[in-house]
Amino acid sequence: MAYKSAFDFSVMKSEFEKAGIKHHFIPLIWKHVLQNPNCQWDEIPSLPSAAYPLLNSKFKISTSALHSVINSNDKVTTKLLIKLQNGEFVEAVIMRYDTRLGKYDGKPRTGGPRSTLCVSSQVGCKMGCKFCATGSMGYKSNLSSGEIVEQLVHASRISTIRNVVFMGMGEPLNNYASVVEAIRVMTASPFQLSPKKITVSTVGIIHAINKLQTDIPNLNLAVSLHAPVQDIRCQIMPAARAFPLERLMNALREYQNNSQQKIFIEYIMLDGVNDEEQQAHQLGKLLETLQVVINLIPFNPIGTLSHFSTSNDQKVTRFQKILRGTYNIRTTVRKQMGQDISGACGQLVVSLPDKRSTGSADPLTDIEDLRI
């Protein structure tokens, strides 16, 4: 029998209720586990006597193990390779930033150093985006909510995590129930992350977008758009055929009307594919009725899997100027972090490490922490 994670809340709550144990003990268990990572169930104080045999027979303090920790040469990115109890691996990435290095509305930002964690929601991915290494793995399995939360647990022992982004392996909204439950755990005691510090990225699963705002208000939504017209989008993102651009835009308007929040738009810059001035104007017109922040992402090579080239800096700058100047859309350019350890955007694909680097350096300003 496979053990369940201590952080699989719905399973533990159900088992506790069947045993006549109040589920308000669960956050106390989590707190003790976080403070005592190598503890045993019997060492957790003040639980009802019936809880100990139940925990020992059905749950593990952690169903996953931290297989390796690889630090990038940029000294601000750390990739975690995590082994699940079924033998599969997933990756999570810690990115260190300093909010004081950025500006908001032309003024210096407040804050200081902190870390963002990029988590995975699936082993592999069904979406098959041609610019993404994870898609080359195909889909293997969904992660449980506990396996998602355990990525935060492992990362928290390396760095204090303030933001979480669901931009790792997998399409989060294709594992909807586990992702929503994981976020509810992350925003509860003892983690207590604000929903405003959590971002879920999707290629545009329309029915799930409509449901997400109701289930978790104040969450940040990021949409992997990557093209301003349907035909180009389908060429580089085969799954887009199921989510026509017109219907997706309608879903985003409804989401925004209900949430009153801006939406992140992710746009990977592919040389000669979607980075021309005409496409900047098409994108501006497509989004001008929405309140969005566009994040232009330089394409990160994925070795022999690459079908594309990275847009040069001049093209990226021109694209950004059109969106800002003509359409008054807030547009940022993502910092390239962790390329040397395949920890950058689109590069996550499980491979066992053959090197380990260490060190530290000054943090970068954060593009995921934009107050929108």
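Lys79 has Val93 in strand S5 as its bridge partner. In this predicted model, the strands concerned are S4 (residues 77-83) and S5, which pair in the antiparallel sense over seven bridges. Five residues separate the two strands of this hairpin, and Gly87 takes a positive phi near 95 degrees there. Strand S5 covers residues 89-98, and nine of its ten residues are buried, so the strand is largely enclosed by the rest of the structure.

S5 is also joined to strand S8 (residues 113-118), by six bridges in an antiparallel arrangement. In that pairing, Tyr97 stands opposite Arg114 of S8. S4 is likewise joined to S3, with six bridges and an antiparallel course. Here Asn71 faces Thr78 in S4 as its opposite residue.

**The sheet**

These strands belong to an open sheet of ten strands with mixed pairing, in the order S3-S4-S5-S8-S11-S12-S13-S14-S15-S16. Its edges are strand S3 (65-71) and strand S16 (330-333), each of which pairs on one side only. On average, neighbouring strands of this sheet are turned by 25 degrees against each other, direction ignored. Strands of a sheet pair through backbone hydrogen bonds, either parallel or antiparallel. Some of the pairings are listed below.

| Strand pair | Bridges | Sense |
|---|---|---|
| S3 and S4 | six bridges | antiparallel |
| S4 and S5 | seven bridges | antiparallel |
| S5 and S8 | six bridges | antiparallel |
| S13 and S14 | three bridges | parallel |
| S14 and S15 | seven bridges | parallel |

Helix H5 (residues 176-186) lies across strand S11 (161-166) and strand S12 (198-202), and runs at about 170 degrees to S11.

S14 is mostly covered, with seven of its seven residues buried. In a regular strand the side chains alternate between the two faces of the sheet. On one side of S14 are Ile263, Ile265, Tyr267 and Met269, on the other Phe264, Glu266 and Ile268, and all of these are buried, which leaves both faces covered.

Strand S13 (residues 220-224) runs parallel to S14 and is joined to S14 by three bridges. Ser224 stands opposite Glu266 of S14. Strand S15 (residues 292-298) also runs parallel to S14, with seven bridges between them. Within S15, Pro298 is the bridge partner of Met269. To get from S14 to S15 the chain passes through helix H9 (residues 277-287), and this β-α-β crossover is right-handed.

**Aromatic rings**

A pair of aromatic rings is described by the distance of the centres and the angle of the planes. The structure holds five aromatic pairs. One of the pairs is formed by Tyr267 and Phe319, and is tilted, with 5.2 Å from centre to centre and 35 degrees between the planes. Tyr267 lies in strand S14 (residues 263-269) and Phe319 in helix H10 (residues 313-325), so the pair ties together parts that are 52 residues apart in sequence. Tyr267 and Phe319 are both buried.

Elsewhere, Phe7, Phe9, Trp30 and Phe191 are linked into a cluster by ring pairs. Tyr139 has a charged neighbour: Lys126 lies over the face of this ring, at 4.6 Å from the ring centre.

Conventions. Residues are numbered from 1 along each chain as its sequence is written. This is a predicted model: local features need pLDDT of at least 70, side-chain atom pairs count only at pLDDT 80 or more; totals for chains, interfaces and linings use all residues. Side-chain values use heavy atoms; hydrogens and water are left out. Rings of Phe, Tyr and Trp (its six-membered ring) pair if their centres lie within 6.5 Å; planes under 30 degrees apart count as stacked, over 60 as edge-to-face and the rest as tilted. Helices (H or I, at least four residues) and strands (E, at least two) are DSSP runs, numbered from the N terminus. Buried means under 20% relative accessible area, exposed over 50%, partly exposed in between (1.4 Å probe, protein chains only). A charge sits over a ring if NZ of Lys or CZ of Arg is within 6 Å of the ring centre and within 35 degrees of the ring normal. Two strands pair if DSSP finds at least two bridges between them. A crossover is right-handed if, with the strands pointing away from the viewer, the path from the first strand over the helix to the second runs clockwise. Axes are lines fitted to C-alpha atoms, for helices over the stretch in contact, and angles run from 0 to 180 degrees between N-to-C directions. Contact means heavy atoms within 4.5 Å.
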